[in-house]
Amino acid sequence: MYFAFICTDKPDGLPIRKAHRPEHLAYLKSLGEALKFAGPFTAEDGETMNGSLIVVEAPSLAAAQDIAAADPFAKAGLFASVEIRPWLWSLGKPEE
């Protein structure tokens, strides 16, 4: 089952994001095939990062929550909120 993580940074979280970005990217890469895609949300300027969208495949909501909690960004306290929602991938899968 797929799960979408919709993460919103705390106000003024950009320094935390920048400081922990290498660890965060390494963590996402370590998820292997469980990671389907990921990237930052940005402000209207298209450059200033202010959140994250991450989609993983996991056997349960609890497993997805564990993945989200282990993210270095989460551990560093970057996020004001993290919503984890089951998600159906209907169109645009890489294998299509």
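Modeller: Happy to! Let's begin with charge: the protein carries 9 positive and 13 negative side chains, and the centres of these two sets lie 3 Å apart. Please keep in mind that this is a predicted model.

Now for the overall build. The C-alpha atoms fill a box of roughly 35 × 30 × 20 Å along the principal axes. What radius of gyration does the protein have? The value is 13 Å, which agrees with a compact globule, because such a globule of 96 residues would have one near 12 Å.

Next, think about which residues touch. Among contacts with a separation of 6 or more, 69% are made by residues 24 or more positions apart. As for the surface, the protein exposes about 5,900 Å², with carbon and sulfur atoms supplying 57% of that area. On the inside, 30% of the 96 residues count as buried.

That brings us to the residue I picked, His-24. You will find His-24 in helix H1, which covers residues 14–30. Is His-24 buried or exposed? His-24 counts as buried because its relative accessibility is 4%, and the cut-off for buried is under 20%. So what does His-24 touch, once neighbours within four places in sequence are set aside? The answer is Ile-54, Asp-71, Pro-72 and Phe-73.

Val-82 belongs to strand S4, residues 79–87. With 38% relative accessibility, Val-82 counts as partly exposed, since that term is used between 20% and 50%. Apart from neighbours within four places in sequence, Val-82 is in contact with Ile-6 and Cys-7. The C-alpha atoms of Val-82 and Phe-5 are separated by 6.5 Å, although these residues are 77 positions apart along the chain.

Finally, a word from the records. An unreviewed UniProt entry places the feature "domain: YCII-related" at residues 1–87. In the model, this span is 36% helix and 39% strand, and its end C-alpha atoms lie 8 Å apart.

How values were computed
Residues numbered from 1 in each chain as written. Predicted model: local features only at pLDDT ≥ 70, side-chain atom pairs only at ≥ 80, totals over all residues. Heavy atoms only, no water. Rg over C-alpha atoms; globule rule 2.2 N^0.38 Å. Buried < 20%, exposed > 50% of the residue type's maximum accessible area, 1.4 Å probe, protein only. Contact = heavy atoms within 4.5 Å. Areas by Shrake-Rupley, 256 points an atom, 1.4 Å probe, with all protein chains shown as cover. Lys, Arg positive; Asp, Glu negative; His and termini not counted. Charge placed at Lys NZ, Arg CZ, Asp CG, Glu CD. Helix = DSSP H or I, 4+ residues; strand = E, 2+ residues; numbered from the N terminus. UniProt positions renumbered as here; feature names shortened; annotations may be inferred.
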